[in-house]
Amino acid sequence: MAPDDPEDADPGLAAERTRLAWARTAIAFGAVGAVAVKNDVIIGLAMLAATPLIWVLGVLAVRGSSRVPRSAQLLLVSVGVTLVALLAAVGALLGHSPASLHELLPLHG
């Protein structure tokens with residue numbers, strides 16, 4: 001007998017792949033934040049502080065909570081991802097920029 005709601009159907013490994021993708025994103029964001037601390041402490045620490053937020057958003061996106069409606073969970077994930085994107089944009093705009101192309105691409109010889 002087929003389930004009435006398509007969301008109740010067995011998603012296979014889709015949820016596991018989504019959870020792993022969020023975990024990889026959080027790890028990558030933390031690694032970039034750790035490297036960024038060397039150049040700009042404030043931006044690096046902000047990125048490191050956002051790493052747990054990304055992980056929590058991934059947990060909400062995959063599992064969620066039975067007490068919170070799915071639409072509220074998706075809204076929270078959307079707002080969180082937007083905040084992280086804004087943080088990254090501000091970091092890119094305020095971060096150290098090279099004074100010249102030679103500084104950006106050091107050529108040997």
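Two residues are in contact when heavy atoms of theirs lie within 4.5 Å. In this predicted model, Thr 51 touches Ala 26, Phe 29 and Gly 30, once residues up to four places away in sequence are left out of the count.

**Thr 51 in helix H2**
- Thr 51 is found in helix H2, which is made up of residues 41-62.
- Because buried means under 20% relative accessible area, Thr 51, with a relative accessibility of 16%, counts as buried.

**The salt bridge in helix H1**
- When the whole structure is searched, one salt bridge is found, and in a salt bridge the side chains of Glu 16 and Arg 19 meet at 2.6 Å, taken from N to O.
- Glu 16 and Arg 19 both belong to helix H1 (residues 14-39), where they are three residues apart, a spacing of about one turn of the helix.
- Glu 16 counts as partly exposed at 36% relative accessibility, and Arg 19 is likewise partly exposed, its relative accessible area being 39%.

**Ala 88 in helix H3**
- Ala 88 has its place in helix H3, which covers residues 70-94.
- With a relative accessible area of 40%, Ala 88 is partly exposed, since that class lies between the buried limit of under 20% and the exposed limit of over 50%.
- Although Ala 88 and Ile 43 are 45 residues apart in sequence, their C-alpha atoms are 8.8 Å apart in space.

Key:
Residues numbered from 1 in each chain as written. Predicted model: local features only at pLDDT ≥ 70, side-chain atom pairs only at ≥ 80, totals over all residues. Heavy atoms only, no water. Helix = DSSP H or I, 4+ residues; strand = E, 2+ residues; numbered from the N terminus. Buried < 20%, exposed > 50% of the residue type's maximum accessible area, 1.4 Å probe, protein only. Salt bridge = Lys/Arg side-chain N within 4 Å of Asp/Glu carboxyl O.
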